[in-house]
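Q: I've never read a structure like this before. Could you walk me through it, starting with one residue and then zooming out?

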Amino acid sequence: MQTAAGAGPVPVRVDLPLSKDDRAVLVVQTGAGARSFSLAQLEALGLYRVSTSTFWPGDEGVFEGPLLADVLKAAGLDDAAEVRVSALDGFTQQIAREDWTRWPVMLATRKKGQPMTTRNKGPIRIVYPRDMDPQLADARYRLRWVWLVKQIEGVSR
């Protein structure tokens, strides 16, 4: 697999021109209320790049976006035990705190430097650094790669 400069199995911070798109694309629901984020606001939290395989043939590549941990911190959910991620198509998946504290899970906003559209699983997509840790190749992580992400909310256990 060819990779972009600075891409590897572990996400690295990159300095790219930030999105200027100020339309709300993500709602993060906390006990204190909801916070909306635009692509510009998400990317302003810091952009990371990772080159990784995925569970789907032809889907591997170089992804960029903020870390899930940084987004949750900005929204006030950094202490959540678990979050529920909801997609535009109605799919939902719960992700335990252990995932975003153990691995640099990304909320990808770009693939190969280009903004992702709904046609290519965007505008936001959960990406695990699958090639960073052999454990992430386990099928139980497959459903946690949510695409078409529209909302994240804290879950009480």
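This is a predicted model: local features need pLDDT of at least 70, side-chain atom pairs count only at pLDDT 80 or more; totals for chains, interfaces and linings use all residues.

Q: Where is threonine 109 placed?

A: Look in the loop between β8 (106-108) and β9 (110-111) and you'll find threonine 109.

Q: Is threonine 109 buried or exposed, and why?

A: Buried means under 20% relative accessible area. Threonine 109 has 2% relative accessibility, so it counts as buried.

Q: How many of the protein's 157 residues are buried?

A: Buried residues come to 51% of the 157.

Q: What does the radius of gyration say about the protein?

A: You set the value against that of a compact globule. For 157 residues that would be near 15 Å, and the protein has 14 Å, so the two agree. As for its extent, the C-alpha trace spans about 45 × 35 × 25 Å along the principal axes.

Q: What share of the contacts links residues 24 or more positions apart?

A: Take the contacts with a separation of 6 or more: residues 24 or more positions apart account for 66% of them.

Q: And what about the surface and the charges?

A: The protein exposes about 7700 Å², with carbon and sulfur atoms supplying 48% of that. There are 21 positive and 18 negative side chains, and the centres of the two sets are 3 Å apart.

Methods:
Residues are numbered from 1 along each chain as its sequence is written. Side-chain values use heavy atoms; hydrogens and water are left out. The radius of gyration is taken over C-alpha atoms; the globule rule is 2.2 Å times the number of residues to the power 0.38. Buried means under 20% relative accessible area, exposed over 50%, partly exposed in between (1.4 Å probe, protein chains only). Contact means heavy atoms within 4.5 Å. Accessible areas come from the Shrake-Rupley method with a 1.4 Å probe; for residues, only the protein chains shown count as cover. Lys and Arg count as positive and Asp and Glu as negative; His and the chain ends are not counted. The place of a charge is taken as NZ of Lys, CZ of Arg, CG of Asp or CD of Glu. Helices (H or I, at least four residues) and strands (E, at least two) are DSSP runs, numbered from the N terminus.
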